[in-house]
Amino acid sequence: MRRPIIAGNWKMNNTASEGYDLVTALKPLVKDAKCDVVVCVPAIDIPSVKKALHGSKIRLGAQNVHFAEKGAYTGEISANMLKEYGVKYVIIGHSERRQYFGETDETVNKRTLAALAAGITPIVCIGETLEERESGKTEDVLGRQIEKDFVGIDDFSKIVIAYEPIWAIGTGRTATAEQANETIGFIRKRMKKVYAGKNVGRMRIQYGGSMNAKNAKELMAMPEIDGGLIGGASLKAPDFAAIVNFDK
Ligand code: PGA
């Protein structure tokens, strides 16, 4: 059995003190969660959120990591810098990074390997645009990401994939539970084929894209869906808690 994992992606929201307050409000609301709970926060919020998380089972996550160990990469943050703060998860290759910051399958792969080397669990985002879905290219696009983003990984139980159809992110337009289930099923099947013998069966795959308190239960009831990556609805403690407590 794969343990569900619900992660919040705050994106560029919440100052350090706002993040502290949000997590402080969230803690009691999710203390009986049956799933893994993660908050992926802006890098500069990490110290204050870490303080707020003290004594909680909520795990600390980041939103990006550089692939080099150290060096002349102005503005970047290394896996060891995250690790020293107790960061356990890091989002890699979010569609916003691919779209606005020139992230490629190659850099996604390098960042993923760097996170793994530091013992941080990567949450690697893959997904298709609306145009790609409507022109029947979803499987081609996902197939390409599958082939390129995960080269060199030996044990897939140590990574999480977030399937995020780009047309569903921040749009209020969720994939139907059936659509999400079917596509995640495709991803798992293809991964098992491409990375045979590497523990793909134990890898968790989340759905992401306008997931909220209302649709979480239906999405989480799907056999292929192991969790969610939550943007907008992770910014308010009661909303995020309602998703985490989807089983109650
Ligand atoms: P959303 O974002 O929940 O606001 O659609 C999800 C994501 O981008 O990870």
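1. Basis. Residues are numbered from 1 along each chain as its sequence is written, and side-chain values use heavy atoms, without hydrogens and water. As the model is predicted, local features need pLDDT of at least 70 and side-chain atom pairs count only at pLDDT 80 or more, while totals for chains, interfaces and linings use all residues.

2. Largest pocket. The volume of the largest pocket is about 580 Å³. A pocket here is an open set of points, on a 1 Å grid over the protein atoms alone, where a 1.4 Å probe fits, with protein on both sides within 12 Å along at least five of seven lines; lining residues have an atom within 4 Å of a point. The volume is the space filled by probe spheres set on the points, which are joined across faces, edges and corners.

3. Its lining. There are 22 lining residues in the largest pocket, and Lys11, Gln63, Asn64, Arg97 and Phe101 lie nearest its centre. Helix α4 (residues 95-100) gives the most to this lining, with 3 residues. Helices (H or I, at least four residues) and strands (E, at least two) are DSSP runs, numbered from the N terminus. By class, the lining of the largest pocket has 12 nonpolar, 6 polar and 4 charged residues. Nonpolar covers Ala, Val, Leu, Ile, Met, Phe, Trp, Tyr, Cys and Pro; charged covers Asp, Glu, Lys and Arg; the others, Gly among them, are polar.

4. Second largest pocket. This pocket holds about 230 Å³ of space. Of its 14 lining residues, Val30, Lys31, Ser56, Lys57 and Ile58 lie nearest the centre. Two or more lining residues come from each of α1 (16-29) and β2 (36-40). The lining of the second largest pocket divides into 6 nonpolar, 2 polar and 6 charged residues.

5. α5 and α7. The axes of helix α5 (residues 105-117) and helix α7 (residues 138-149) come within 8 Å and cross at roughly 45°. Axes are lines fitted to C-alpha atoms, for helices over the stretch in contact, and angles run from 0 to 180 degrees between N-to-C directions. The angle makes α5 oblique to α7; oblique is what remains after under 35 degrees (roughly parallel), over 145 (roughly antiparallel) and 65 to 115 (roughly perpendicular). Asp105, Val108, Asn109 and Thr112 in α5 meet Arg144, Gln145, Lys148 and Asp149 in α7, where contact means heavy atoms within 4.5 Å. These contact residues divide into 1 nonpolar, 3 polar and 4 charged.

6. α1 and α10. Helix α10 (residues 237-244) packs with α1 at an angle of about 35°, the axes being 9 Å apart. From α1, Leu22, Ala25, Leu26 and Leu29 meet Ala237, Pro238, Phe240 and Ala241 in α10. This contact has 8 nonpolar residues, no polar and no charged.

7. α7 and α8. Helix α8 (residues 177-194) packs with α7 at about 40°, with the axes 10 Å apart. α7 and α8 are therefore oblique to each other. Thr138, Glu139, Leu142, Gly143, Ile146 and Glu147 in α7 meet Thr183, Phe186, Ile187, Arg190, Met191 and Val194 in α8. The contact of α7 with α8 has 6 nonpolar, 3 polar and 3 charged residues.
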